[in-house]
Protein chains: 2
Amino acid sequence: MLRFERLPAPEEPEFRTRLGVIHTEHGKIPTPIFMPVGTVGSVKAVSREDLYDCGASIILGNTYHLYLRPGMEVIGHMGGLHKFIQWDRPMLTDSGGFQFFSLAKLAKFNEEGVSFQSHIDGSRHFFSPEKAVDIQMMLGADIMMSLDWCVGYPATEQQTMTALERTTQWAKRGLDHWKEKEHPNNLFGIVQGGVFSHLRKLSAQQITSMDFPGFALGGLSVGEPAERMYEMADVALPLLPQDKPRYIMGVGTPANLVELVGMGCDMFDCVMPSRNARNGQLFTPRGTINIANARFRLEKGPIDEACSCYTCQNYSLSYLRHLYKSRELLSYRLNTIHNLHYYLNLMAKIREAISLGQFGAFRRMFYDALEQ
Amino acid sequence: MLRFERLPAPEEPEFRTRLGVIHTEHGKIPTPIFMPVGTVGSVKAVSREDLYDCGASIILGNTYHLYLRPGMEVIGHMGGLHKFIQWDRPMLTDSGGFQFFSLAKLAKFNEEGVSFQSHIDGSRHFFSPEKAVDIQMMLGADIMMSLDWCVGYPATEQQTMTALERTTQWAKRGLDHWKEKEHPNNLFGIVQGGVFSHLRKLSAQQITSMDFPGFALGGLSVGEPAERMYEMADVALPLLPQDKPRYIMGVGTPANLVELVGMGCDMFDCVMPSRNARNGQLFTPRGTINIANARFRLEKGPIDEACSCYTCQNYSLSYLRHLYKSRELLSYRLNTIHNLHYYLNLMAKIREAISLGQFGAFRRMFYDALEQ
């Protein structure tokens, strides 16, 4: 079982920031943390060593994707996901809930679970809350997620309420199943409730009444305005136990991370740094740049003079632009290394600022730099 | 100027193997050597450090591609190709001749040079033998190639003779131009002559009558049977000066390399290891394997137990198959690292065998392993 150690930090009255360390069987995770997404068993375009160099202490795998390909027979035979992909630090897997909602064909939700068709070959499958736990136990991730029921944006109050109720029932079933198995890894509960404050509160109360080792907010960053997401986080986060890790799923932009850390969130994941890298969008303290832009054609400097990533330490904007425009595979790797480093370094700086009681000052500097 | 140092090695009467070191401004190249191809300024799917780890002592860049994109203004502004791509070991550039023949749209050869349309945007360009040298001097490669005129296979004797004559005239013009410029880097002459022994001899006599620091055989591996290629190499190589490096362009399979080293060739380049890697074809001492093959689904072992490459030291066939079938970008990199390591390690073993007077024994073992 994980242990969440809260670290002492000076209080800043305007914020509810938290500093901590999650201790797992595969090592420590300093929080607040960003988790790069390794959808099908590799963080796209980079290697394990690239992730180590960027300072990644935990990565995420997607149960839905891994279940369909390579499938559980392969991962089981290979001794679990850590051994299969040769990653020796902590790992988190989601439950598949979000992919049923966003990706699977013809997903049909009923009280029992979700039946769906593979987006790869159209084959039919069924996930129950118990099966979602079983599969994640086979994957062997340090942190597993309950099967939840997402709604999109917009959704009616009634739709949102139905999904909330089902999420709570499924959370209970998954938790009971996990406890029976006495599996050493950890199952987190997920709060739903769409963009309705009273439903977020209700869901948080229901989910936190169960003895999960950690809690997440799901169903955010699904198309709602950022203000609604912040409202929901602001309502739900204070209802989660102080002594357990809190994870906001699938979020988000650098500014989202800064805001949500300020509200007391500990863990984040998002495909944005890696996906945007592959589309030529690179993060800098001054905002994002598009590496294809003609103004970089003759530019000898790096993406960011102050960045210590491998890409910035070695390559010019001119070369990166050329690689990107030539669709060289090296482009995707160099861009991804930079963006992941940006995100992970942002979180490291946030942790340092919190430890010094200077999160507020850090947050102002973050926005000042952006506005230049 | 380069210096080609012949190293002492026991003679093996059946073979004409040579052992040497090419000394260049960017360092030493042990020969026989294989040169990975970095078409547009990156060896596809791998980084500089990957190439160092695989033991690459020289890479190749394609003048035609680099001239079109990013273009000479960019590379000139950046201080040459070495600085642009951040490669600090020796580099060789071709002249564009082969790409005019194989890739450019509507290439028109006349006595003056080649006019062609870009395969990227259809823009019109013209290369003369002098311009091919000028552009390569701007690129700043340690070894530059004369503009030559390739013929395909099959080609008539008359077509081949015309191309041969033009190649000789162009070689002379390029050489004169290079000597005028007193550029420190090295220009190699190229022997043509298609698959006609007497034309190969004639071309070799004409080209070696000029004072190039090294010589190449061009227009091979363009569709002719391997036996014809070996015949041509066997005819032409003995006519090249003993004290200068010899390069067979665009060749080939591992067996091609073994055979041609036995005939006295020093340098090779080919896209085969990197291109095949991206198509899932991996080299092993027992032959090539297709990583998509279902028999690797549950295979915990590496591609080759005896291989010391990063891929084999870290990843299972099962994982490599999964990455390839999922089209993960990491797949292309891991496969390419293995194949380049295979080629470069093959050449290292060949050099060692030659130094011990055991090339014949090595060659037998090479074929014995393949036949298993």
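In what order do the three strands of the open sheet in chain A come? The legends below start there, and everything shown comes from a predicted model.

**Close-up 1. A three-stranded open sheet in chain A.** Reading across, the order is β7-β8-β9, with antiparallel pairing. β7 (105–109) and β9 (124–127) of chain A sit at the edges, so to speak, each pairing on one side only. From one strand to the next, the twist averages 15°.

**Close-up 2. Strand β8 of chain A alongside β9(A).** Here β8 covers residues 114–117, and four bridges tie it to β9(A) in an antiparallel run. To pick out one pairing, look for A:V114, whose bridge partner in β9(A) is A:F127.

**Close-up 3. Where chain B meets chain A.** Each chain puts 39 residues into the contact. Together they bury about 3,600 Å², and 54% of that is on carbon and sulfur atoms. On the chain B side, the residues losing the most area to chain A are B:H322, B:E328 and B:L329, which together make up 16% of what that side buries.

**Close-up 4. Salt bridges and polar contacts between the two chains.** There are six salt bridges between chain B and chain A. One of them links A:K44 to B:E328, with the closest N and O atoms 2.5 Å apart.

**Close-up 5. What chain B brings to its side of the contact.** Elements giving two or more residues include α1 (48–54), α12 (310–314) and α14 (329–355) of chain B. The largest share, five residues, comes from α13(B). By type, this side splits into 16 nonpolar, 10 polar and 13 charged residues.

Technical notes: Residues numbered from 1 in each chain as written. Chains lettered and ligands numbered in written order. Predicted model: local features only at pLDDT ≥ 70, side-chain atom pairs only at ≥ 80, totals over all residues. Heavy atoms only, no water. Pairing = 2+ DSSP bridges. Axes fitted to C-alpha atoms, helices over the stretch in contact; angles between N-to-C directions. Contact = heavy atoms within 4.5 Å. Buried area = accessible area lost by both parts, 1.4 Å probe. Salt bridge = Lys/Arg side-chain N within 4 Å of Asp/Glu carboxyl O. Polar contact = N/O pair within 3.5 Å; in protein donor to acceptor, adjacent residues only side chain to side chain. Nonpolar A, V, L, I, M, F, W, Y, C, P; charged D, E, K, R; others polar.
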